[in-house]
Amino acid sequence: MKKQFVVIGMGRFGTSVAKTLSNLGFEVLAIDSDEIRTQEISNIVTHVVQADSTDEEALRALGLRNFDVVVVAIGEDIQASILTTIILKEMGVPKVIVKAQTELHGKVLRKVGADKVVFPERDMGQRVAHHLISSNIIDYIELSEDYSIVEILASGQLVGKTLRQLDIRAKFGCNVMGIKTGDRMNIAPYADDMIKENDILVVVGKNTDLQHFEMTFGE
Ligand code: ATP
């Protein structure tokens, strides 16, 4: 059976999550305490309910424990986001994913049982900053506190060389996971694959090693 999702809080983030899941063909129940927000979302997802997620009875009545994943996308009202997370975990929802405003908010959410905490503003800020530092950095995804994936545009010294010649793993401690050439993605590059101008290298590694790599090959 297909997974069933609930998204609580129809701000920009919650709406985007609900819309994407719905477009991918999943059933989504969207909840917001605001009447206008619920009306706005009703033509995007199948089921919409106006309710306050800090009202335990209301959540029980909606049978939220039977859903696989609940996304809590309440931003500004930190108290409501924490209370909602506690209620959902106590009800037995298997997976609760919560958007956090700040690191401290995130810490509290983990303590009260959130299965995953996401920081969309912080993550997007980091991605934009990396792109600003080097125009060759196309994208940046943090995997953990110490490890990330970067997409770097091949130019200068990278072009015309093979992975064997560049010896990135030995010199920088990073791994080239893939090479994008136009629309084609080579997800298992060989040591003798040659890097062409405008290829995009997908590199995974420790942040400090990636920085070293970016400084050497970025522009
Ligand atoms: P974004 O940045 O994603 O636009 P935000 O971080 O500014 O969102 P808010 O606008 O504070 O977040 O909240 C998102 C939505 O959550 C709003 O539509 C709001 O009505 C709803 N919301 C806030 N508190 C509750 C609650 N207790 N129960 C249900 N919905 C709530």
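Strand E1 (residues 4-8) and strand E2 run parallel and are joined by 5 bridges, and Gln4 has Glu27 as its bridge partner in E2. The model described here is a predicted one.

Strand E2 (residues 27-32) is mostly covered, with 5 of its 6 residues buried. E2 also pairs with strand E3 (residues 47-50), again in the parallel sense, over 4 bridges, and Asp32 stands opposite Gln50 in E3. The chain reaches E3 from E2 by way of helix H2 (residues 35-41), and this β-α-β crossover is likewise right-handed.

## Division into domains

The domain assignment of the chain gives domain 1 as residues 4-118 and domain 2 as residues 123-217. The centres of domain 1 and domain 2, taken over C-alpha atoms, are separated by 35 Å.

## The antiparallel sheet

Five strands form an open sheet in the order E7-E8-E11-E9-E10, and their pairing is antiparallel. Strand E7 (137-142) and strand E10 (184-186) are the edge strands, each of which pairs on one side only. From one strand to the next, the twist averages 20°.

Within this sheet, strand E8 (residues 147-153) and strand E11 (residues 200-206) run antiparallel and are joined by 7 bridges. Ile149 has Val204 as its bridge partner in E11. In general terms, the strands of a sheet pair through backbone hydrogen bonds, either parallel or antiparallel.

## Helix H9 across the sheet

Helix H9 (residues 207-217) lies across E7, E8 and E11, and runs at about 145° to E11. The buried residues of H9 include Asn207, Leu210, Phe213, Glu214 and Phe217; because they cover an arc of only 120° around the axis, they are placed on the same side of H9. An α-helix has 3.6 residues a turn, so residues three or four places apart point the same way.

Thr208 and Met215, by contrast, are exposed on the other side of H9. The cover over the buried residues of H9 includes strands E7, E8 and E11, together with helix H6 (120-133), helix H7 (163-166) and helix H8 (168-172).

Notes
Residues numbered from 1 in each chain as written. Predicted model: local features only at pLDDT ≥ 70, side-chain atom pairs only at ≥ 80, totals over all residues. Heavy atoms only, no water. Domains from an automatic or database assignment. Pairing = 2+ DSSP bridges. Helix = DSSP H or I, 4+ residues; strand = E, 2+ residues; numbered from the N terminus. Axes fitted to C-alpha atoms, helices over the stretch in contact; angles between N-to-C directions. Contact = heavy atoms within 4.5 Å. Buried < 20%, exposed > 50% of the residue type's maximum accessible area, 1.4 Å probe, protein only. Arc of directions from axis to C-beta. Right-handed = clockwise from strand over helix to strand, strands pointing away.
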